[in-house]
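Subject: Structure handover

Hello,

Here is the structure I promised to pass on. Please open it first, then read my notes below.

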Amino acid sequence: MGARPSAFTLTAPGPLRLYSTEELLRLPPPTWLVGGILPEGSLSVLYGPPESGKSFLAIDLALSVATGLPWHGHPVEQGFVVYVAAEGGSGISKRVRAWLEAKQVAARGVPVAWLVESLTVNKESDDVGRLMQRLDDELEHTPRLIVVDTLARCLEGDENTQLDMGRFVAGVDMLRHEYKAAVMIVHHTRLDGDRERGNTALRGGTDTMLSATKDENSILVECTKQKDWEHFPPLSVTLTPVRDTESCILVSDTVGREAQLLALFIGETAYSASELLARAGVTGMSRKTFFRALGDTKQSGRILKENGKYRLAGVTSDTP
């Protein structure tokens, strides 16, 4: 049998398909679910110490994908989301309500399916089979993003062994390949806080690794692995309270600092820097964050300085 020209289709589509070199070079590049952050159909891990804002970030990203709203300046491809809240839904519901209130989005128009119980994830898991059956039989949408929050609540066995971690990753891949969806796993760090917990089979099997660290109300998101692309620059966001919700939303750090500072002003009152700093201390804002916010807000023109005191732009100072 003679050789087939390499420009032709080498083998038929399907499992274990073989590509010629020319076919390989014609394959389209990966597309982004969240521009520069998460590729479509990828496996990612968002990890951080306890109370570092991991779930805030995961919920924020999930709701952005569901609504198609940009995620802190990054464009988003809108799609249906499945969120596995394995630690329960009572705390998450407040965060979702705050996000919807702040964005002025009605709950009915947000295509997210929330699972508020733990789920055993591996290839042999009855739980995964039941979840897929429900998705196929009872929902009209195919998920574009699946969030597993957290790994510890969904892994059966010891996360420090290659065997058990490998079984978990294989279970995640079943969901990913079945729906061609991106999967994000929320995970904890080791005691030293430098890396994610558990066996390296997790990091080896992922496309994207994101670390979250918290300093007061600011959360820093850094890329520690991006398999096929450049690492994105660190992203800093701030937890900002939403009135009447008992929870917060995440806003880009500069915007968050400005919002905190502007909230210190009352009407037309003008304040010295020391007076504002004292008011900021009551809210928990650090001295460093305060002076950064003061500089940012003055530069943006939202506050003015006259006679050694600051007032909101657009109002008349009551300073004699």
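In which sense do strand β6 (residues 145–149) and β7 pair, and over how many bridges? They pair in the parallel sense, over 5 bridges. One caution before going on: this is a predicted model.

**Strand β7**

Start with β7, residues 182–188. Of its 7 residues, 7 are buried, so the strand is largely enclosed by the rest of the structure. Ala182, Met184, Val186 and His188 point one way from β7. Val183, Ile185 and His187 point the other way. Both sets are buried.

β7 also pairs with β3, again in the parallel sense, over 6 bridges. Look at Ile185 in β7. Val45 stands opposite Ile185. Val148 also has Ile185 as its bridge partner.

**Helix α4**

Next, go to α4, residues 126–138. The helix has 13 residues. From its first C-alpha to its last it reaches 18 Å, close to the 18 Å expected at 1.5 Å a residue. Val128, Leu131, Met132 and Leu135 are its buried residues to look for. They cover an arc of only 95 degrees around the axis, which puts them on the same side of α4. What covers the buried residues of α4 includes β4 (81–85) and α6 (162–179).

Now turn the helix around. The face turned away from the buried side carries exposed residues: Asp126, Arg130, Arg134, Asp137 and Glu138.

The start of α4 deserves a look too. There, a side-chain oxygen of Ser125 reaches to within 3.0 Å of the backbone nitrogen of Asp127. Asp127 also forms a salt bridge with Arg130, with the closest N and O atoms 3.2 Å apart. Both residues lie in α4, 3 residues apart, about one turn of the helix. Asp127 counts as partly exposed, at 25% relative accessibility. Arg130 counts as exposed, at 52%.

**Tyr179**

Tyr179 lies in helix α6. Tyr179 is buried, with a relative accessible area of 9%. Setting aside residues up to four places away in sequence, Tyr179 touches Met132, Leu135, Asp136, Thr142, Pro143 and Ile146. A polar atom of the Tyr179 side chain lies 3.3 Å from the backbone oxygen of Met132. Leu139 is 40 residues from Tyr179 along the chain, and their C-alpha atoms are separated by 13 Å.

Ser52 is in the loop between β3 (43–48) and α2 (54–67). Is Ser52 buried or exposed? At 2% relative accessibility, Ser52 counts as buried. A polar atom of its side chain lies 2.7 Å from the backbone oxygen of Pro49. Leaving out residues up to four places away in sequence, Ser52 touches Ala212, Lys214 and Ile219.

Lys225 is found in strand β9, residues 218–226. Its relative accessible area is 18%, and Lys225 is buried. Where does its side chain go? The side chain of Lys225 reaches the backbone oxygen of Thr206 at 2.7 Å. Beyond four places away in sequence, the residues that Lys225 touches include Arg203, Gly204, Asp207 and His231. Lys225 and Ser44 are 181 residues apart along the chain, and their C-alpha atoms are separated by 9.2 Å.

**Salt bridges**

How many salt bridges does the structure hold? There are 12.

- Arg17 forms a salt bridge with Glu23, the closest N and O atoms being 3.4 Å apart. Arg17 counts as partly exposed, at 24% relative accessibility. Glu23 counts as buried, at 7%.
- Glu77 and Arg144 meet through their side chains in a salt bridge (3.8 Å, N to O). This pair links distant parts of the chain, 67 residues apart. Glu77 is in the loop between α2 and β4, and Arg144 is in the loop between α4 and β6. Glu77 counts as partly exposed, at 39% relative accessibility. Arg144 also counts as partly exposed, at 27%.

Glu40 is linked with them in a network of salt bridges.

Best wishes

How values were computed. Residues are numbered from 1 along each chain as its sequence is written. This is a predicted model: local features need pLDDT of at least 70, side-chain atom pairs count only at pLDDT 80 or more; totals for chains, interfaces and linings use all residues. Side-chain values use heavy atoms; hydrogens and water are left out. Helices (H or I, at least four residues) and strands (E, at least two) are DSSP runs, numbered from the N terminus. The expected span of a helix is 1.5 Å times one less than its number of residues. Buried means under 20% relative accessible area, exposed over 50%, partly exposed in between (1.4 Å probe, protein chains only). The arc is that of the directions from the helix axis to the C-beta atoms. Contact means heavy atoms within 4.5 Å. A polar contact is a pair of N or O atoms within 3.5 Å; within protein, one must be able to donate a hydrogen and the other to accept it, and residues adjacent in sequence count only if both atoms are side-chain atoms. Two strands pair if DSSP finds at least two bridges between them. A salt bridge is a side-chain nitrogen of Lys or Arg within 4 Å of a carboxyl oxygen of Asp or Glu.
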